[in-house]
Number of protein chains: 2
Amino acid sequence: MSSEQAHVVTIREVAAAAGVSIGTASKALNGRGKLREETRARVTAAAERLGFRPNPLAQGLLQGRTYTVGLVTGDSFGRFSIPVMLGAEDALGAGQISVFMCDTRDDPIREQHYVERLLARRVEGIIVTGRRTEPRPSIGAGLPVPVVYAMTQSASDDDFSVIPDDRGGGALAARHLLATGRARIGHVTGPERFEAARRRAEGLTDALAEAGTGPAGEPLFGEWTEEWGRQGADILLRAHPDVEAVFCGSDQIARGVSETLRERGRRIPDDVAVVGFDNWEPMVEGCRPPLTTVDMNLGEIGRIAAEHLLEAIGGAPRARGVLTVPCSLVLRESTRVS
Amino acid sequence: MSSEQAHVVTIREVAAAAGVSIGTASKALNGRGKLREETRARVTAAAERLGFRPNPLAQGLLQGRTYTVGLVTGDSFGRFSIPVMLGAEDALGAGQISVFMCDTRDDPIREQHYVERLLARRVEGIIVTGRRTEPRPSIGAGLPVPVVYAMTQSASDDDFSVIPDDRGGGALAARHLLATGRARIGHVTGPERFEAARRRAEGLTDALAEAGTGPAGEPLFGEWTEEWGRQGADILLRAHPDVEAVFCGSDQIARGVSETLRERGRRIPDDVAVVGFDNWEPMVEGCRPPLTTVDMNLGEIGRIAAEHLLEAIGGAPRARGVLTVPCSLVLRESTRVS
DNA sequence: GAAAATAAGGAATAGGTTTTCCTTCGCTGA
DNA sequence: TCAGCGAAGGAAAACCTATTCCTTATTTTC
């Protein structure tokens, strides 16, 4: 890198260096207009030599575009929103679009503030993401740019949200456990007020019903914590000492469940199989044994959300409603067939 | 929000609506110039009514400023870089500066690419952050904008890096354990090739030496994993069955250590105290008992880095070298005095 | 009552780039 | 010989805002 390049070069200087007018320089660099090949080469050489970079502000001003989008999260860019974000960045980066990052810390005032700021900056679209897929208030109706919700859901039907298929994820776990020969399957999960928890439980129950069976007792709704996983496992073992598998609403819960199972003398996976949800690496790998779990494909969710946003920016009619993305199962020790 | 506002309003329209010239409108909105109060009010009212927002591209073009900075990370915005980022965002947001997010996935090609893009976008500064504080190649010498490394360290002495005081963190843990009456203190930590691991070990050893004692055996260098924590604890217990405390290089290691201690019949904190490093909530709280740990104050690191960047942007002479930020101790059950 | 000062606001310029429209020049064809 | 054409590239407008410099009208001061 040339350290003497403190001064920012403009196309004017390039034009002067090449001995042409500004307009001609622009045409040469952008492959427009009718120019002699020699001229074109002379201009590009000058631009190269001077380290010219077109000023995107001037370009944007002229074209009325900024090639930027805003990414708003309340998750403090946590475990869920980050993979989403990375997926989105992939899709956007390919389109030469840069991303403004805004963390609202789940504060509606801050959120409003950030949205204002993004609009002032003339972003061409906004992606909203969150900590859980629960419905949340719309970020604002009738905004001048398209908005896509990813890994969170707008309460308004007019908005477009991309979320994981929790029900399908539950079913996936159920069918896997059945396929490994477990019949009596318990379920320890998060608070019932969470749609995600309810849908995962439904997926489990429905898949079992399809196979002509049912879960071992009602789903145990509690907290999204390891501590609850430990308690839940105790409750489950007392009510159903013959349980053969436990499907858990999160990897953290699964970790608590695994610990209690072990402490109560159950071997995993020989006596009891365990399936988690989230595929959160540090949890899943710290588990003993390593945990089979459902992956929500967060990156995919982000990518799809970004692609929809790009299409909307491109003028496609805005999508509405909810799009669910299939989950996938990641196999590890905790459900191995011995 | 008015949904009929698809068209973006310019100051020209505001001026027309208020019956004044463009220049006057600008002055009215920015509180410059000599204007009658009534005129000023008329203009602001018109701007309000039309939903006028000054175009930042035009402003930037004119002022030669963009009020943006780039944030480059190789951590995939993981556990370490996120808090740093949030701290930075705090400091920058206050200055009305927006942040472009770039994840390099630790790929130098991508990194170079992103830096180019950021410079093309005329960011006023760049923050580089990472997964660990290890020295890394400079992002480029003689860039036209100031660069600050946060939670990572440039290999070049000409750059400026802000990192946690690992040595101090180790000393903090040591003194706390001594204060709770533990004398024989073991250390299980990450790979020796990591500067962070070596410094934490040094901090421990030095603080113990100051108190006229020494650690229980050499530091056990291994991996940054729970699995290593379990193994390390076994090794430690075999060599020093009378160990009274274990200082761990990370919370994950501490978690593994705690498990093994329990399984070997040691009660925490009654028989053996445990201190972790990172204060990573899900790990620390899933631990049994909850873990006393060293917090690197990542948010503070980000904030300080951002403040230095702002100063450099403001024209202050660029700082060089390394600035360390003190760690703090977070007390929980695992070192309680019974 | 005239000169000077002040208040209020308009006109014009700058900032960097792209694009549209012109100009110039050499050449072709009738 | 001259109208017409294509090639090559220049001039200027446009994008939007902030600021500097003017102009005009009103008020103050002697």
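Ser250(B) is buried, with a relative accessible area of 2%, where buried means under 20% relative accessible area, exposed over 50% and partly exposed in between (1.4 Å probe, protein chains only). The structure is a predicted model, in which local features need pLDDT of at least 70, side-chain atom pairs count only at pLDDT 80 or more, and totals for chains, interfaces and linings use all residues. Residues are numbered from 1 along each chain as its sequence is written, chains are lettered from A and ligands numbered from 1 in the order in which they are written, and side-chain values use heavy atoms, with hydrogens and water left out.

Ser250(B) is found in the loop between β10 (245-248) and α10 (251-263) of chain B; helices (H or I, at least four residues) and strands (E, at least two) are DSSP runs, numbered from the N terminus. A polar atom of the Ser250(B) side chain lies 3.3 Å from the backbone nitrogen of Gln252(B) and one lies 3.1 Å from the backbone nitrogen of Ile253(B). Apart from neighbours within four places in sequence, Ser250(B) is in contact (heavy atoms within 4.5 Å) with Trp224(B), Gly276(B), Phe277(B) and Asp278(B).

In chain A, Ala25(A) is placed in helix α2 (residues 22-30). Ala25(A) counts as buried because its relative accessibility is 0%. Leaving aside neighbours within four places in sequence, Ala25(A) has contacts with Ile11(A), Ala15(A), Val20(A) and Val43(A). Between Ala25(A) and Gly181(A) there are 156 residues in sequence and 72 Å in space, C-alpha to C-alpha.

Between the two chains, 61 residues of chain A are in contact with 60 residues of chain B. The size of an interface is often given as the accessible area lost when the parts come together. Buried area here is the accessible area (1.4 Å probe) that two parts lose on being put together, summed over both. For chain A and chain B this area is about 5200 Å², of which carbon and sulfur atoms give 51%.

Glu259(B) forms a salt bridge with Arg288(A), with the closest N and O atoms 2.4 Å apart. On the side of chain A that touches chain B, α6(A) gives the most, with 7 residues. The residues of that side divide into 28 nonpolar, 15 polar and 18 charged. In this grouping Ala, Val, Leu, Ile, Met, Phe, Trp, Tyr, Cys and Pro count as nonpolar, Asp, Glu, Lys and Arg as charged, and the others, Gly among them, as polar.

The domain assignment, whose bounds come from an automatic or database source, gives chain A domain 1 (11-54), domain 2 (67-164 + 298-325) and domain 3 (166-296). The centres of domain 2 and domain 3 of chain A, taken over C-alpha atoms, are separated by 31 Å. In chain A, 12 residues of domain 2 are in contact with 12 residues of domain 3. The area buried between these domains is about 1000 Å², of which carbon and sulfur atoms give 48%. Arg79(A), Arg132(A) and Glu134(A) lose the most area on the domain 2 side, together 51% of what that side buries.

Methods: A salt bridge is a side-chain nitrogen of Lys or Arg within 4 Å of a carboxyl oxygen of Asp or Glu. A polar contact is a pair of N or O atoms within 3.5 Å; within protein, one must be able to donate a hydrogen and the other to accept it, and residues adjacent in sequence count only if both atoms are side-chain atoms.
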